[in-house]
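Subject: A structure for you to look at

Hi there,

Here is the structure I promised to pass on to you. Please open it next to this email, and then read on for what turned up in it.

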Amino acid sequence: MKFFLVVFTLFISVAYGQGVKNTIRGTVTDKESFMPLVGAKVIIVGSTPLLGAVTDLEGNFRIDSIPVGRQTIQVTYLGYETYVQQNIDLTSKDIVLSIGMVESVNMMDQVEIRSEEKGETVNKMTSVSARSFSIEESNRYAGSKNDVARMAQNFAGVQGADDSRNDIVIRGNSPTGVLFRLEGIDIPNPNHFARFGTTGGPISMLNNNVMANSDFLTGAFPAEYGNAIAGVFDLNLRSGNNEGHDFMFQIGFNGAEFMAEGPISKSHKSSYLVNYRYSTLGLFKLMGINFGSTAVPNYQDASFKLNFPSKRGLTTVFGLGGMSNINILAEEADSSDLFAIDFSNTSFRANVGVVGATHRQRIGEKSYINLAVGMQAAINQVINDTVDFNFENAFTTYVSNSTIAKQTIDLYYNWKINARHVLKVGVHTDFYILNLNDSTYDRSIADFISLRAFEGNTFLYQPFAQYQFRASEKLTVNTGLHLQSLTLNNKVAVEPRLGATWKFFPKDQLSLGYGLHSQMQPIELYYVQTMEGGVVKQPNQNLGFTKSHHFVLGYQHRFAFGINAKLETYYQYLFDVPVQTSASAYSILNYGADFVSFVPSNLQSTGTGENYGVELTLEKYLDKGFYFLLTSSLYQSFYTASNGEKYNSAFNGNFTSNALVGYELRFNGGKAALTFDGKVMINGGRRYTPILIEESIAAGTEVRDPNNVYGSQYANYSRADFRIAFKIIGERVTQEWAVDMQNITNKRNVFYTQYSSASESISTTYQTGFLPIGQYRIYF
């Protein structure tokens, strides 16, 4: 064994040369005003001889001849907290950093030594239930499939017990309560095969190769975020290389993709970044790999960002788009198909596109103004046919051809009054352009009835103001006010927000947060139509916002060896929740529990709900090649419907826990790396309403128990994943190979049960079994 290791190491040394070095460069600015910090000292920690640089008049720095591998930089500037960023993975590509430094509250004659902690958010006005994440984490975590949403399912309070989709269930809330924001613009569901009103899907269009560090918030979020009651993904795209052209090719489970980046004008330091991906699941199907569907999904997506810096400002143009389609045939489906419906053929097509532009302009030395404009559209086309027991005589029973488009303007002003006080005020506007058309066949009248037939528009505007007061280095208070109004029915919500953090000891911190949060209903729900006396009516159009009080209390302690512990407890009370006007167990809080969600007419905003629980995170960030993340959550989620009864919500799994651990072995002077990553997940089973078998046989169709709505649970969901990857770094080329082995024990987790009229019995469909996923990536 030792002989083979020596031979392998010699091969890498010969193939990739000796002493490979590269560059770390970037810009250092004030975190709140974006004012360049001239004369900041930047060093590579532990380098011999010491490598470093001093920022120029524009805050730029450059350090050349740095050995590849893991590096740590330290930035110091008089009157500012010291910035330290560890474990920068320097490869054959330059590393370009945008560093924002925080001014110290107490002016000093020397710099204050305080490192930028891993996991701290990009948005500094968050107090509780928030963390940042990096591209590397979405690459590294076993089972994440390079998907930021699946990566987030490892965080405390987030449940992911569905192999087929990346829905984000936060603290028992419906995944429809999650807001996705990209470069300052609220965007539609960024997943392939996504239905209107949902926020998840089988495959994400958010390509982690083009993402920058971003924030994930799970409760009591700042006033700048609105129209969400569960959580926020605040996402950023990285800028392209403004000095040289770089390329990347990757092939794996998510598709074959190509990325290019480089300068548009070197003299003006402008750059481009573009990525395109095409699905490869057809190839996996030919290899006999089961990924949850007998039909082959087809999809493609692209994203780009153009960067145009100026002396006092920055202009960006960005875009994200994807097309997907699948044809599921009943004759070809088997028991392993997660999406097939008995004796039904389904054709589904979804297209999504977002394009936007932002401009940030500094005003003096203490403030700046930021403008973002965008246009987006989401298109769903669905046809469902029923067939007979011989899979013949197809008859169309459902048709949908709908478009939801939106024009967005986001404008805000940020004023750093001084080191203690920061004020941010702005407004977010969304102009909806709607074309909704779907109908279903009614056998009782032997004709189609229209569910929605609307073409028109409506307007949502959201002004906000938020203020940060740093009373001392230990105590920070964040407060704000958010307002939102929908012109469709002139509903208005006023939402106060408050948060605070107190570092009562150097390694101990208490935090608390409160927020009133509101969300409009899924847009298609407002336009459900009925026929009364020959007149078409839209009885749901006057529904108000669903509202939620968030209360969060947290404690954090930093142990030795880079280990961080965080405990949070929360309570969430939801009100003005749409339920049926007649007595029933229906509530919009269960929307998104299934791929197709029932949307009734005649709703009223009188329902309530509550979620409460406690979460624990124990984490060691990557250090000396080793990391781990342990999260555990205990929670309850209930709702009260129009019949006055209290039920478990569809998302009340009661508990969720994750354990991730990994080790990176560097050798050959840092030019090669072998990584091992493992994960174990155990979640409470999915809630369901039991099937009444005798009643189903008598009716000839499935009948669920109306007296036990979501009263039963499938067996606990559990899964173990293991990932192994190898990377070699050359002077101009970096290559990576990885195998992600998901569900290595081949555990048969229940997906759902349904009544089969053909066999007059209950059948069980199981989730994906053992799934090996290979990936190859090359940077050049």
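Strand 35 (residues 626-640) and strand 37 (residues 655-667) run antiparallel and are joined by 9 bridges. Strands here are DSSP runs of E with at least two residues, helices are runs of H or I with at least four residues, and both are numbered from the N terminus. Two strands pair if DSSP finds at least two bridges between them. Look for Phe-626, which stands opposite Tyr-663 of strand 37. Strand 37 also pairs with strand 38 (residues 672-683), in the antiparallel sense and over 12 bridges. There, Asn-658 has Met-681 of strand 38 as its bridge partner. The hairpin of strand 37 and strand 38 has 4 residues between the strands, and Asn-668 in it takes a positive phi near 55°.

Before you go further, please keep in mind that this is a predicted model: local features need pLDDT of at least 70, side-chain atom pairs count only at pLDDT 80 or more, and totals for chains, interfaces and linings use all residues. Residues are numbered from 1 along each chain as its sequence is written, and side-chain values use heavy atoms, with hydrogens and water left out.

In which order do the 5 strands of the open sheet come? The order is 8-15-16-11-12, and the pairing is mixed. Strand 8 (130-133) and strand 12 (185-186) stand at the edges with a single partner strand each, so one side of each has no neighbour in the sheet. Strand 12 pairs with strand 11 (residues 178-182) in the antiparallel sense over 2 bridges, and Arg-181 stands opposite Asp-186 of strand 12.

Next, the aromatic rings. Rings of Phe, Tyr and Trp (its six-membered ring) pair if their centres lie within 6.5 Å; planes under 30 degrees apart count as stacked, over 60 as edge-to-face, and the rest as tilted. By this rule there are 29 aromatic pairs. One to find is Phe-216 with Phe-233: the ring centres are 4.6 Å apart and the planes are at 35°, so this pair is tilted. Phe-216 belongs to strand 15 (residues 214-217) and Phe-233 to strand 16 (residues 231-235), so the pair ties together parts that are 17 residues apart in sequence. Phe-216 is buried at 2%, and Phe-233 is buried at 0%. Both belong to one aromatic cluster together with Phe-133, Phe-155 and Phe-180.

Some rings also have a charge over them, meaning that NZ of Lys or CZ of Arg is within 6 Å of the ring centre and within 35 degrees of the ring normal. Arg-360 has its charged end over the ring of Phe-34, 3.6 Å from the centre. Likewise, the charged end of Arg-686 sits over the ring of Phe-751, 5.7 Å from the centre.

What about the nonpolar cores? Such a core is a set of buried Ala, Val, Leu, Ile, Met, Phe, Trp, Tyr and Cys residues joined through side-chain atoms within 4.5 Å. The largest one has 75 residues, and Phe-155, Ile-168, Phe-216 and Phe-233 have the most contacts inside it. Helix 3 (residues 148-152) gives the most to this core, with 4 residues. Contact means heavy atoms within 4.5 Å. Leaving aside neighbours within four places in sequence, Phe-155 is in contact with residues including Arg-131, Tyr-141 and Leu-629. Another core, of 20 residues, lies apart from the largest one, and Ile-44, Tyr-83, Leu-90 and Leu-97 are among its members.

Finally, take a look at Gln-153, in the loop between helix 3 and strand 9 (158-159). Gln-153 is buried, at 7% relative accessibility. A polar atom of the Gln-153 side chain lies 3.1 Å from the backbone oxygen of Asp-167.

Enjoy exploring!

Best wishes

How values were computed:
Buried means under 20% relative accessible area, exposed over 50%, partly exposed in between (1.4 Å probe, protein chains only). A polar contact is a pair of N or O atoms within 3.5 Å; within protein, one must be able to donate a hydrogen and the other to accept it, and residues adjacent in sequence count only if both atoms are side-chain atoms.
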